[in-house]
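Subject: Structure handover

Hello,

Here is the structure I promised to pass on. Please open it beside this note and follow along.

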Amino acid sequence: MKFHKQLVYGTQEFLDELKNALNSDVRFRDLGKGVYTATELIIIKELGIGIWQYTVDGEIKEFALVPRTKLREYEGRAEITYFVEDYNTMIKICEGNESFIEMVIDGSIDVKGDMKKLKRIQAANERMETIMRNLCNRSILLTKEQYIKWLSENGYV
């Protein structure tokens with residue numbers, strides 16, 4: 001009998017799985033077609049790491065966990081940068097207790113960059129959030145301390 005290794009939220013493996021799910025989702029691709037070409041970076045301020053996303057015409061080309069040592073480099077390449085306070089906020093978004101899009105709109109998540117582009121990609125981002133939550137429901141959510149340990153063991157902090 002073969003068992004599947006369970007996915008852990010916040011790892012590169014999780015981002016790879018999310019990228020595949022989004023790129024195979026017809027609705028996400030349709031919402032992004034013609035409007036969603038962007039370089040985006042989510043910075044988790046408390047941890048000093050980032051999540052990089054490069055999307056072309058509604059297809060995610062790159063989705064990567066960015067280590068502390070490369071954060072400035074990626075920030076310089078991003079058209080839109082989102083600043084999230086802490087890991088627990090990311091968990092709340094993952095669990096569905098908070099909405100990333102609503103937090104951007106209400107100012108809980110600071111945003112720097114191309115606001116017109118941000119508005120154009122909002123519908124696709126809302127679909128992304130739904131797909132991410134479905135994946136989160138099947139994933140292990142580490143505590144902040146466990147995640148920091150994992151980041152340290154894997155060279156991200």
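In which sense do strand β4 and β5 pair, and over how many bridges? Strand β4 (residues 80-84) pairs with β5 in the antiparallel sense, over 4 bridges. Opposite Phe83 stands Asp110 in β5.

Some ground rules. This is a predicted model: local features need pLDDT of at least 70, side-chain atom pairs count only at pLDDT 80 or more, and totals for chains, interfaces and linings use all residues. Residues are numbered from 1 along each chain as its sequence is written, and side-chain values use heavy atoms, with hydrogens and water left out. Helices (H or I, at least four residues) and strands (E, at least two) are DSSP runs, numbered from the N terminus. Two strands pair if DSSP finds at least two bridges between them.

**The sheet**

The open sheet has 5 strands, in the order β3-β2-β1-β4-β5, with mixed pairing. Its edge strands are β3 (59-66) and β5 (110-113), each pairing on one side only.

β1 and β2 run antiparallel, joined by 7 bridges. Ile42 has Ile51 in β2 as its bridge partner. The hairpin of β1 and β2 has 4 residues between the strands, and Gly48 there takes a positive phi near 70 degrees.

β2 and β3 also run antiparallel, with 7 bridges. Ile51 stands opposite Leu65 in β3. Their hairpin has 2 residues between the strands, and Asp57 in the turn has a positive phi of about 50 degrees.

In β2, 6 of the 8 residues are buried (under 20% relative accessible area, 1.4 Å probe, protein chains only).

**The cavities**

There are 2 cavities of 30 Å³ or more. A cavity is a set of points on a 1 Å grid, over the protein atoms alone, where a 1.4 Å probe fits but cannot get out; lining residues have an atom within 4 Å of a point. A volume is the space filled by probe spheres set on the points, which are joined across faces, edges and corners.

The largest cavity has a volume of about 350 Å³. Of its 21 lining residues, Ile42, Gln53, Phe63, Met128 and Met132 are the closest to its centre. α7 gives the most to this lining, with 4 residues.

The second largest cavity has a volume of about 40 Å³.

Best wishes

Note on methods:
Buried < 20%, exposed > 50% of the residue type's maximum accessible area, 1.4 Å probe, protein only. 1 Å grid on protein atoms, 1.4 Å probe; cavity = no way out; pocket = protein on both sides within 12 Å on 5 of 7 lines; lining within 4 Å.
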